[in-house]
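Open the model in your viewer and keep the selection tool at hand. The tour goes from the whole chain to single residues.

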Amino acid sequence: MNLNWQQHPWAGVFPATLCPFHSDESIDETGLRKYMQELADVDGIKGVVCNGHTGEIMSLRIEERQRVTRITAEAVGDRVKVVSGVSAEGSLPAIDDAIAAKEAGADAILLMPAHHWLRFGRTPETAVGYFQDVADGADIPIIVHQYPAWTKAGYSLEEMLEMTKIPQVVCIKMGTRDMARWRWDYEQLREAAPHIPILTCHDEYLLASLLEGSDGALIGFAGFVPELMVAVVHAALNNDLMGARKARNQVDTLARIVYNFGEPSSDAHQRMKCARWLMGKFPSMTMRRPLRQLSSDEIHNIRTELEKVGYQCVN
């Protein structure tokens, strides 16, 4: 069964969004609202994802996560889907966080794995049970956040197949970062659960993962240059390889400024926020501690590289 990505509510382009802060690190609520509205105004954006890694979820207090979700839902919830990230170390706090997101107006949650798994690992029963716990406890649509295969928190194909049997699971954000597995996992998941979209989050090799098998993208770069991301993703999903490559070429120069040939990371999120601020499209480049602000030399380098490829910097 082929999935109609244009019509499916959980397929297409979903930006993982930034979070603006004042110089005292308090949330810039006016700036956040304006930013979300600007993203939702872009034709082709299906939904926005707040409180992800790009949005510095680890630095937000629980009540701040709910506030970010509420502002986002108030700003754009009548036009696009609103997804809120949930990160917790156990089922009960994850349920609490998911219920708070639901009460704030989220249409779904992006459920991250418990991060102590990165150190200690977990059994398949624990991994699948975690999703079942949150589904039963909060009863909200869930997007599975698949971590890189090289981590102890990454899910096996067998685990993801079990997760797709949970009615609340509506989508998988596929961050495997193992292209040898990508196609096989996509085909097996598509056969077993044809109604559940697979979204790439491989900013660093977006086109390759889209062409290997994907129904859209949930990526931080779409919160940076949403129009370009829509162009790449839509062309690839429409089998327009020439159009996808043309759009990808525009993205590549920006991706090298932000990712420097690596995958998404906290310092990449810093550079992304800085670049959007330099272009006058974000209220501040302030990051929440423990992240430190970029050096003046690095800011200068980002400005130089942006101007070199034709982007005007107004800050």
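Contact here means heavy atoms within 4.5 Å. This is a predicted model: local features need pLDDT of at least 70, side-chain atom pairs count only at pLDDT 80 or more, and totals for chains, interfaces and linings use all residues. Residues are numbered from 1 along each chain as its sequence is written, and side-chain values use heavy atoms, with hydrogens and water left out.

**The whole chain**

Show the chain as a cartoon. Look for 12 helices and eight strands. Helices (H or I, at least four residues) and strands (E, at least two) are DSSP runs, numbered from the N terminus. The radius of gyration is 18 Å, close to the 20 Å of the globule rule for 315 residues, so the chain is as compact as a globular protein of that length. That radius is taken over C-alpha atoms, and the rule is 2.2 Å times the number of residues to the power 0.38. Along its principal axes, the C-alpha trace spans about 50 × 45 × 40 Å.

Of the 315 residues, 57% count as buried. Buried means under 20% relative accessible area, exposed means over 50%, and partly exposed lies in between (1.4 Å probe, protein chains only). Among contacts with a separation of 6 or more, 72% link residues 24 or more positions apart.

**The cores**

Select Val-76, Leu-206, Phe-221, Phe-224, Leu-254, Ile-302 and Leu-306. In the largest nonpolar core, of 62 residues, these touch the most other members. Such a core is a set of buried Ala, Val, Leu, Ile, Met, Phe, Trp, Tyr and Cys residues joined through side-chain atoms within 4.5 Å. A second, separate core has 39 residues, including Ala-88, Ile-95, Ala-106 and Phe-131.

**Thr-176**

Go to the loop between strand 6 (169–174) and helix 7 (179–192), where Thr-176 is found. Is Thr-176 buried or exposed? Thr-176 counts as buried, at 1% relative accessibility. Beyond its neighbours within four places in sequence, Thr-176 is in contact with Gln-146, Tyr-147, Pro-148, Ala-149, Arg-181 and His-202.

**Leu-210**

Next, pick helix 8 (residues 206–212), which holds Leu-210. Leu-210 has a relative accessible area of 4% and is buried. Its contacts, leaving aside neighbours within four places in sequence, are Thr-200, Gly-216, Val-232, Val-233, Ala-236 and Leu-237.

Move to helix 5 (residues 124–138) and find Val-128. Val-128 counts as buried at 17% relative accessibility. Not counting residues up to four places away in sequence, Val-128 touches Glu-159, Glu-162, Met-163 and Ile-166. Now zoom out to Cys-313: its C-alpha atom is 47 Å from that of Val-128.

Return to the loop between helix 5 and strand 5 (142–146) for Asp-139. Asp-139 counts as partly exposed, at 47% relative accessibility. Its phi is positive, near 50 degrees.

**Two more backbone stops**

Most residues other than glycine have a negative phi, and most peptide bonds are trans. Which phi does Glu-25 have? Glu-25 is not a glycine, yet its phi is positive, about 75 degrees. Look for Glu-25 in the loop between strand 1 (12–15) and helix 1 (29–40). Glu-25 is buried, with a relative accessible area of 15%.

Finish at Pro-290, in the loop between helix 11 (266–278) and helix 12 (296–308). A cis peptide bond joins Arg-289 and Pro-290, with omega about 15 degrees.
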